Amino acid sequence: MKVIQTREWTKVKVFTPWLEPDEYPQLLACADLGVCLHKSSSGLDLPMKVIDMFGCGLPVCAIWFPCLKELVQHEYNGLVFNSDRELADQLRKLLHGFPNQCRQLEEFRQNLETFRKVRWEETWSKAVLPIFQS
C-alpha cells in the first residue's frame, strides 16, 4: 500500500475495497476472465484464488508451476503461461471479438461446470481416503 500511496498517477486510481464474504464470489462472477500470478514456492500448493474463480465459473490464465496442472488444465478450463509475453498473447486471443464472440472463453466456462459439480467430500473420498485405508 505504501508504494501505491507514494505514486502520483494522473490516469490511474487504485481502490482496495473491503468485501464481505458473500460479496467476493459475486464480484468474481461479474468478470469474464481471471488472471492468477500465484507461484508456489514449494511447487506443491494450489492457488486458492483459482479455486474461487473456478467455483464461480470463471476461466483463468495462470502462471505455470509444477502442480498447477492438477487444477488448471491448459486449453480445457483455462490457459497456463510462462512469461509476460505469453500471457499478453493469451489475453489477445481469448478476448478477441469481446464481448460477443469469445468462443474459447465460453468453452472454458462450459467445461468448468463439471468442476463446479464435484464437491470436496467426493474428491477426498476418491483421491485421499484410499491412501489412508490401505
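**Ground rules.** I am working from a predicted model, where local features need pLDDT of at least 70 and side-chain atom pairs count only at pLDDT 80 or more, while totals for chains, interfaces and linings use all residues. I number residues from 1 along each chain as its sequence is written, and side-chain values use heavy atoms, with hydrogens and water left out.

**Whole chain.** I looked up the elements: the protein chain has seven helices and three strands. Helices here are DSSP runs of H or I with at least four residues, strands are runs of E with at least two, and both are numbered from the N terminus. I read their order from the N terminus as α-α-β-α-β-β-α-α-α-α. The C-alpha atoms fill a box of roughly 60 × 40 × 30 Å along the principal axes. I noted an accessible surface of about 10200 Å², with 56% of it belonging to carbon and sulfur atoms; areas come from the Shrake-Rupley method with a 1.4 Å probe, and for residues only the protein chains shown count as cover. Of the 134 residues, 27% are buried. Buried is under 20% relative accessible area, exposed is over 50%, and partly exposed is in between (1.4 Å probe, protein chains only).

**The sheet.** In what order do the strands of the open sheet lie? I found β1-β2-β3, with parallel pairing. At the edges sit β1 (34-36) and β3 (78-81), each pairing on one side only. Neighbouring strands are turned by 15° against each other on average, direction ignored. Axes are lines fitted to C-alpha atoms, for helices over the stretch in contact, and angles run from 0 to 180 degrees between N-to-C directions.

I then checked the bridges; two strands pair if DSSP finds at least two bridges between them. Three bridges join β1 to β2 (residues 60-63), and C36 has A62 in β2 as its bridge partner. Four bridges join β2 to β3, where C61 is partnered with L79.

Which residues of β3 are buried on its two faces? I get G78 and V80 on one side, and L79 and F81 on the other. I also see helix α4 (residues 84-95) lying across β1, β2 and β3, at about 160° to β3; contact means heavy atoms within 4.5 Å.

**Surface patch.** I4, W9, V12 and V14 make a nonpolar surface patch with about 330 Å² of accessible area together. Among them, V12 is in the loop between α1 (2-6) and α2 (23-29). V12 is partly exposed, at 43% relative accessible area.

Most residues other than glycine have a negative phi, and most peptide bonds are trans. I looked for exceptions. E75 has a positive phi, near 70°; E75 sits in the loop between β2 and β3 and is partly exposed at 49%. F98 and P99 are joined by a cis peptide bond, with omega about 5°. P99 is in the loop between α4 and α5.

**Last entry.** Is N100 buried or exposed? N100 counts as exposed, at 71% relative accessibility, and its place is in the loop between α4 and α5 (103-117). The C-alpha atoms of N100 and E121 are separated by 37 Å, and these residues are 21 apart along the chain.

Note on methods
Patch = residues over 30% accessible without salt bridge, like charges linked within 9 Å, V, L, I, M, F, W, Y side chains within 5 Å. Salt bridge = Lys/Arg side-chain N within 4 Å of Asp/Glu carboxyl O.
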